[in-house]
Amino acid sequence: MTRLILASQSPARTKLLSNAGIAHDVLVSDVDEDAVQARYGVTDPHDTALLLARAKAEAVASLPEADGALVIGCDSVFEFEGEAHGKPYTADVARERMLRMSGSMGVLHTGHWLVDCRDTDTKSSDDDDDDDAGTGTGATLGAVSSAEVHFMEMSEDEIDTYIATGEPLQCAGSFTIDGYGGAFIRKVDGDPHTVVGLSISTLRSLLGQAKVNVTELWTGGAADPADIRAE
């Protein structure tokens, strides 16, 4: 069975995969995001998202637990008025950003990086047991999925109450679409999964380049739409 490892501690990303019926394990990297960006000097939000996704995927791919698996790393960066916004971490930063974002729009970039850690060795033609031939491609490849996020007008009281929930402090751009923050998003132009943090269609494309059909990862346990609506 093909194994997929998600190199992220994000509950939203693992929930996306689970709801899509995609079997996966979770292994969290210890990547220092600030150090990675300082090393490569990347400031463009699009490129930063891809760089950090690659760093996370390759860090987990180097672990013994990743042997024989496919590893997907993701990272999201919000681009607003030419600036790259990661996680705000503090209430003051989140409030300043959200006051500017009110009634405006920005672009959420989610980088995806896939590393194929499956065995690439192949048996010789003289070997009788071809079933053990390696199926891995050795692929290490990535893509960025971007979506425009349009915000409604937000009052200062609404912003302060939202920040008090703690939700936006650990989210790129200081907002979510699948939590309290969804109340302030007027529309999304692009894949909404991108805004959550992992584009299922982008993952499918990357898997295809590694010669894996996404259906190989289906568990038959995709979420019932009625159950999702009832949550």
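# Salt bridges and ring pairs in a predicted model

Reader: What does the secondary structure of the protein chain come to?
Author: Eight helices and seven strands. Keep in mind that this is a predicted model.

Reader: How much of the chain is buried?
Author: Buried residues account for 42% of the 231 residues.

Reader: And the accessible surface, what does that come to?
Author: About 11700 Å² for the protein chain. Carbon and sulfur atoms hold 47% of that surface.

Reader: What share of contacts join residues at least 24 apart?
Author: 73%, counted among contacts between residues at least 6 apart in sequence.

Reader: Switching to charges. How many salt bridges does the structure hold?
Author: The structure holds 11 salt bridges. One of them joins the side chains of Arg100 and Glu81, at 2.8 Å from N to O.

Reader: Where do Arg100 and Glu81 lie?
Author: Arg100 is in helix α4, residues 91–101. Glu81 is in the loop between β3 (69–80) and β4 (83–85). The two are 19 residues apart in sequence, so their pairing ties those parts together.

Reader: Is Glu81 buried or exposed?
Author: Exposed, at 57% relative accessibility.

Reader: Which residues are linked with Arg100 in a network of salt bridges?
Author: Glu81, Glu83 and Glu96. Together with Arg100 they are linked in a network of salt bridges.

Reader: What does Arg95 form a salt bridge with?
Author: With Glu156. Their closest N and O atoms are 3.0 Å apart. This pair links distant parts of the chain, since Arg95 sits in helix α4 and Glu156 in helix α5 (residues 156–164), 61 residues apart.

Reader: What about Arg118, which side chain does it meet in a salt bridge?
Author: Arg118 meets Asp116, at 2.8 Å from N to O.

Reader: Why does Arg118 count as buried?
Author: Because its relative accessibility is 11%, and buried means under 20%. Asp116 counts as buried as well, at 6%.

Reader: New topic, aromatics. How many aromatic pairs in the whole structure?
Author: A search finds five. Among them are Phe151 and Phe175, with ring centres 5.0 Å apart. Their planes are at 85°, so the pair is edge-to-face.

Reader: Which parts of the chain does that pair link?
Author: Phe151 belongs to strand β6, residues 140–151. Phe175 is in the loop between α5 and β7 (185–189). They are 24 residues apart.

Reader: Phe151 and Phe175: buried or exposed?
Author: Both are buried. They also belong to a cluster, where ring pairs link them with Phe78 and Phe80.

Reader: How far apart are the ring centres of Tyr162 and Phe184?
Author: 5.6 Å. The planes of Tyr162 and Phe184 are at 65°, so this pair is edge-to-face. It links distant parts of the chain: Tyr162 in helix α5 and Phe184 in the loop between α5 and β7, 22 residues apart.

Reader: What is the relative accessible area of Tyr162?
Author: Tyr162 has 3%, and is buried. Phe184 counts as buried too, at 12% relative accessibility.

Technical notes
Residues are numbered from 1 along each chain as its sequence is written. This is a predicted model: local features need pLDDT of at least 70, side-chain atom pairs count only at pLDDT 80 or more; totals for chains, interfaces and linings use all residues. Side-chain values use heavy atoms; hydrogens and water are left out. A salt bridge is a side-chain nitrogen of Lys or Arg within 4 Å of a carboxyl oxygen of Asp or Glu. Helices (H or I, at least four residues) and strands (E, at least two) are DSSP runs, numbered from the N terminus. Buried means under 20% relative accessible area, exposed over 50%, partly exposed in between (1.4 Å probe, protein chains only). Contact means heavy atoms within 4.5 Å. Accessible areas come from the Shrake-Rupley method with a 1.4 Å probe; for residues, only the protein chains shown count as cover. Rings of Phe, Tyr and Trp (its six-membered ring) pair if their centres lie within 6.5 Å; planes under 30 degrees apart count as stacked, over 60 as edge-to-face and the rest as tilted.
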